[in-house]
Amino acid sequence: MHRYFRDVMTVGLFVAMAPMVALAQASHWAYSAPKPATPPDVQQSDWPPGWPRNAIDQFVLEAMERAGRQPAPQPSAATVVRRLSFDLHGLPPTVAEVEAFSADPSEQAYERLVDRLLSSEHFAERMAMYWLDLVRYADTTGVHADNPWDIYPYRDWVIQAFHQNQPFDAFTREQLAGDQLPNATLQQRIAAAYNRLNLITREGGSQPKEFLARYMADRVRNVSTVWLAATVGCAECHDHKFDPVSTRDFYRLGAFFADIQQVGVYSQGAKKNRYFGPYLRVPTEAGQTLLAGLDTRIAAVKGMVDTQTDELAQAEQIWQREQQGPPVVEPVFGTWHSAGPFTGGSFGDVHKRAFGPESGVDLAARNDGQPIWQAHPEWRDAKAHKLVGGRTAYYLYRTIDVESALAMTLWFGSDDSIQVWLDGKRLLNHEISRGVAPDQERLVVALDQGQHQLLVKVTNGSGGFGFYFRAELDLLPAEIRTLLQVPAKERDLASVQSISRYFRSITPLLQQQRDALAQLQQQREISLASEPVVMATVATKPMTTRVLLRGNWMDDSGKIVEPGLPAAFGSLAKRQGRATRLDLANWLVSPDNPLVARVFVNRLWRLFFGRGIVRSLDDFGSQGVPPTHPELLDWLAHRFVQSGWDVKAMVRLMLTSSTYRQSSLSDEATARQDPYNDLFSRQARFRHDAEIVRDNALVVSGLLVRKVGGRSVRPYQPAGFYRHLNFPKRKYQQDMGENLWRRSIYTHWQRQYLHPSLAAFDAPSREQCTVERARSNTPLQALVLLNDPILVEAARALAMRMHSEGGDEVQKRITFAWQTVLSRVPSAQELDVMRNHHQRLLAQYSEDPDAAKRLLAIGKHAQASDVAAPELAASMGLARVMLSLHESLTRY
Amino acid sequence: MALRTNLSRRRFLASGLGAVAAPVLLGKSDLLAPSDPHWQGVVNPLHHPPRVKRVIHLYMAGGPSHLETFDYKPKLADLHGQPMPASFTDGQPIAQLQGQQLTCLAPQFPFARFGQSGQEICTRFPHLGSIADDICIIRSMKTDQINHDPAHTLFNTGSTIPGRPAMGSWINYGLGSECSDLPGFIVLASVGKGGQAQPIAARQWSSGFLPSRFQGVEFRSKGSPVLFVGNPDGITRQQQRQAVDTIAQLNQLHDNVVHDPEIATRIAQFEMAFRMQASVPELADISSEPRSVLDLYGVEQQDGSFASNCLLARRLAERGVRFIQVYHRAWDHHGAVKRSIDITANEVDRASAALITDLKRRGMLDDTLVLWGGEFGRTPMAQGSGRDHHIRGFSYFLAGGGIRGGMTHGATDELGYHAVQDVVHVRDLHATILHLLGIDHQRLSQRFQGLDIRLTGVERAAPIRAILS
């Protein structure tokens, strides 16, 4: 725990500060409810045409008027479409979209464009990209071994919430307390996985108590930054120096989360990485379809088992007669013999390969003078026997002497896979990895008088290796025996059916169907188990929450606190019992909460104007930066709440303003006078976020697979990137097929080793709340753009488009590329530069067509093309340049 | 009176900040806009004359036992196998030995005095012994975190809350880079054979809330030394040159229209990337080193070993890289500490000494600071035949410009449990590193989520004056 100010500050100082804090609280702009300001009248009459369009413009113009400034002109239609497309979808527009709007740039066309973009799921993906930064969504635990966990259904929930325009108050409520809503739906409970996004540890030697304290602090920091832009985190160890938040407040906020079922140090051991429970099952459509399909097949096979045929009827009669004969004579089992170990390639290979005994066993056979078969008189039935060897197989063999025909149940167990032959006929084949246990497999066999040969093959993948067997002779259950004692003519229908049902479960005639049924049922179990789960928020008896003095988790002397709001923010309405997360959420989105609406609209503003009205997006406290347009901020916040927290309406309002529709170009005088654009008298230009850099390349090259949601995907990544991870050691399992070209929001987010190309463009690790990403400009970005295989592949795909769609002349192809990538035609000079580059490349690749082929071979996407390799490689060189241009990386 | 003290302190903080980081009140995206490729640092001019220009941290990850390296405790041998006196351990945080019988484990190797200074060093590290007069041993280190991941995070960033910049990032942010074709913060890592390799998170070299240009860049021993530094197959160096030129020309033409200073930066960064494509492989190829140097380190080629990484560190230092971190990941000796130290010493001893000798021969030790140590030490108590994590006392050594060689600073108690004399907290070490570089640790800060963040945090921290020459 960090312990700020331990030695520097004394308790006395804090006491002395109290009056100042009270003062700050009374006057600080962010702590009183937003006032429904009236948009000012704008005096000046000679504003540019189209100004003002809505109330936003009135506020902005009024400030410009006071400063004696003018808004920037409107940008070109193409710039407008690009800006909207990147802002709302994080993707570039198509050439057709640009052309359509350029042909009709009317107000109505603009609004239609905005509405169309808002209605697409891509809008929801774009919004989710930002929200996931805030809530620190990732696919791994973040600490020490950084293990993967199951939480992506939450990410999909966020996307769908934005897509369906869920009101922000409900959006808030469901994330913090979806599980506590009355009759919570599955979706609401998935939303509550928000509470499980904190970093967790499995590191040996960690103290649960310490980490429980960390988890709480992590949650307090997150909820207070995301919804309140309050730096409550400062109060973990000491009262806030500047804002009205005491240490007690910090722990009272923490106490809201004390009911979440969790452990301090998660352990290894449970199966399939799923040790971060509790979990909630999330049925998928595909999974449900699969299960339904299996159910149909199961029903069909069951039907076959149940269908009466003459053959079965006859066999049953014979069987019934046999049962009434003299008591069965016990069969005599021969000694077990084993042969092995046999080795081969992979586990599957060793399992499948016939090493000989399948086609007949000769116990006396020798190999190189050594007997192949070893006798095991010591092996007793109904016990597990140990075998030795790595990835190897053993055969086990014994005879069964039967005096009079009988049926028997044979039970097997194996580590790992097993096959069983009876008299040379294979009755069981189960390729599986498992430890040996009694009665894992069951075979019912009918044996005639004479000697029978039982052969078993057990194949080991790695680790333990063993075998188990027992036989059950008297397989006729007592109740069937009783029923059979009644003469056939006197049996009632139920008895007849019971006997028949039993017969069908053992007759060799239906063995195939029964095997098929068992296999289908096993498949069903596996399918059910592979349906996604999400880490769930489950309320349980709340832990005791104490004020930890100076954040020290070992100190138990602090006062016990109950959930409650920071005192300066008022208190929750009186109610029965302990306050819950739902109470907290309800307070956050109550109309008189001074912060939440302001904080959220300010962040929306930042997405569309490049900076906030309050620049310190993460700090609305006294140390933050005051709003440049306080009335505008209040008006927007008030309007947002009045609209029923309608996110799309707020976005639409911002985007249909004239303020949004300004050029981002700035003349030198303006840049000097207002370097940070405090007046919003121009639009912002900024580098695309990391995901957009990649997604843009995927769109213009035609590679993008526009599938929404689903498990996180693993695109190309340099080999060995995870080699510093351990417990277990990690090898990146790159996806195949369409998952290589999905939107970057779906890229597996490994907190400790985020995909290097995303990280190079400032995507955060999401170990904590990121309110605002940096926008850096580095040589590593240049290396990614020039050399990352996905960008090289995108360049090839774009080159193929240049040839198939662009035309048969170089100039046409270049123009096509510029329109596709930059939504404009190249200038004469630009065209010259491109042609020169093309000429050089074409000459070089004509000299060395082999190099051209190697270049064209990069990436998994289909590569067939009629164009000669040197020609295509030269176009690819042009495409590479296009994707690396500053203009391609920038939102204007 | 108290109030006035407080206010003046606050005023001091605020003004210090304003001087150091002008853009502090702005949003993060403005922090470094326009992003000058030739970053000169926010501490410009320096707060005081520097003693060193660069830092090499030989990072013994996993937590080396001070009791088998630099801190000899004969009393522990006397108590071997007997219960650890409760007076030492009561109320102390304990990791894996929690709730177990605590018994003493004797030092597993003899110590000897080395050099003219007669510094006491474990005999299993004879090469370090041979440079005893060049190094300053600190025996009184202390940290707050008892598990690897948080302890590394504290050691590298001064905090356990993720998202804070690593010291290499702070230093590059403060001072800028001295070379134009390599990043200013480079990380090398090797896995040893003597202990389990604890995972290392990239968080340990993250620039946190500082822009990613200050992030540590990992030099890998397999594949491209730096990610994406190699040309795609089928593209020659000449063609890459032409591509970069073409991009620059087009960017320039675009700049004529939009007048954006970021474009000049973009052009410069592509240029630097292109230079890195040549300089990085050249640098990573140690085969050009003379035989005598290879022998000094005991390496034949760049094989990802700690020894080859030490040699690489010197090559990076020569080229002006500001902060170099060389991880050796096999110091987590919960079991068989004797055998593990034996193996690990073989991997580390010679090369660590070689680096210091090599720097000295080249006259570079005068303006380089070398640090050697881990994220914590190990218990005087046995964990079987090994030792558990320990945070109340452990050792480090420093060498280079501004450091008094041949001295031992501080001490632990008679059983090597608590640092008791001249205690050096991790943040004091941070303050010392910054001090030697010409930075006042209290004056290098950045506002983030309401706090003025410093590498040394807000608790008391001070350079270790006694070890400065």
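Two residues are in contact if their C-beta atoms, placed from the backbone, lie within 7 Å. On that basis, residues 24 or more positions apart account for 73% of the contacts in chain A with a separation of 6 or more. This is a predicted model: local features need pLDDT of at least 70, side-chain atom pairs count only at pLDDT 80 or more, and totals for chains, interfaces and linings use all residues. Residues are numbered from 1 along each chain as its sequence is written, while chains are lettered from A and ligands numbered from 1 in the order in which they are written.

**Chain A overall**

Chain A holds 30 helices and 19 strands. Both are DSSP runs numbered from the N terminus: helices are H or I with at least four residues, strands are E with at least two. Along the principal axes, the C-alpha atoms of chain A fill a box of roughly 115 × 80 × 60 Å. Of the 892 residues of chain A, 47% count as buried. Buried means that 20 or more other C-beta atoms lie within 10 Å of the residue's own, with C-beta atoms placed from the backbone.

Helix 11 (residues 247-255) of chain A has eight of its nine residues buried, so it is largely enclosed by the rest of the structure. Among the buried ones are Phe250(A), Tyr251(A), Arg252(A) and Leu253(A). The buried residues of helix 11 of chain A pack against helix 10 (208-228), strand 16 (545-546) and strand 17 (560-561) of chain A.

Axes are lines fitted to C-alpha atoms, for helices over the stretch in contact, and angles run from 0 to 180 degrees between N-to-C directions.

| Pair in chain A | Angle | Axis distance |
|---|---|---|
| Helix 12 (residues 285-306) and helix 17 (residues 511-530) | about 165° | 10 Å |
| Helix 3 (residues 77-89) and helix 4 (residues 95-103) | about 130° | 9 Å |

Helix 12 and helix 17 of chain A are therefore roughly antiparallel to each other. Angles over 145 degrees count as roughly antiparallel, under 35 as roughly parallel, 65 to 115 as roughly perpendicular and the rest as oblique. Helix 12 of chain A passes helix 17 of chain A in a left-handed crossing. A crossing is left-handed if the near helix is turned anticlockwise from the far one by less than a right angle, and right-handed if clockwise. Residues of helix 12 of chain A in this contact include Leu290(A), Leu294(A) and Arg297(A), and those of helix 17 of chain A include Leu517(A), Leu520(A) and Arg524(A). By class, the contact has eleven nonpolar, five polar and four charged residues. Here Ala, Val, Leu, Ile, Met, Phe, Trp, Tyr, Cys and Pro count as nonpolar, Asp, Glu, Lys and Arg as charged, and the others, Gly among them, as polar.

Helix 3 and helix 4 of chain A are therefore oblique to each other. Their crossing is right-handed. Ala77(A), Ala78(A), Val80(A) and Val81(A) in helix 3 of chain A meet Glu97(A), Val98(A), Phe101(A) and Ser102(A) in helix 4 of chain A. Six of these residues are nonpolar, one is polar and one is charged.

**The partner chain**

In the interface, 77 residues of chain B are in contact with 93 residues of chain A. Helix 7 of chain B gives the most to the chain B side, with twelve residues. That side has 34 nonpolar, 30 polar and 13 charged residues.

Conventions
A residue is buried if 20 or more other C-beta atoms lie within 10 Å of its own, exposed if 12 or fewer, and partly exposed in between; C-beta atoms are placed from the backbone.
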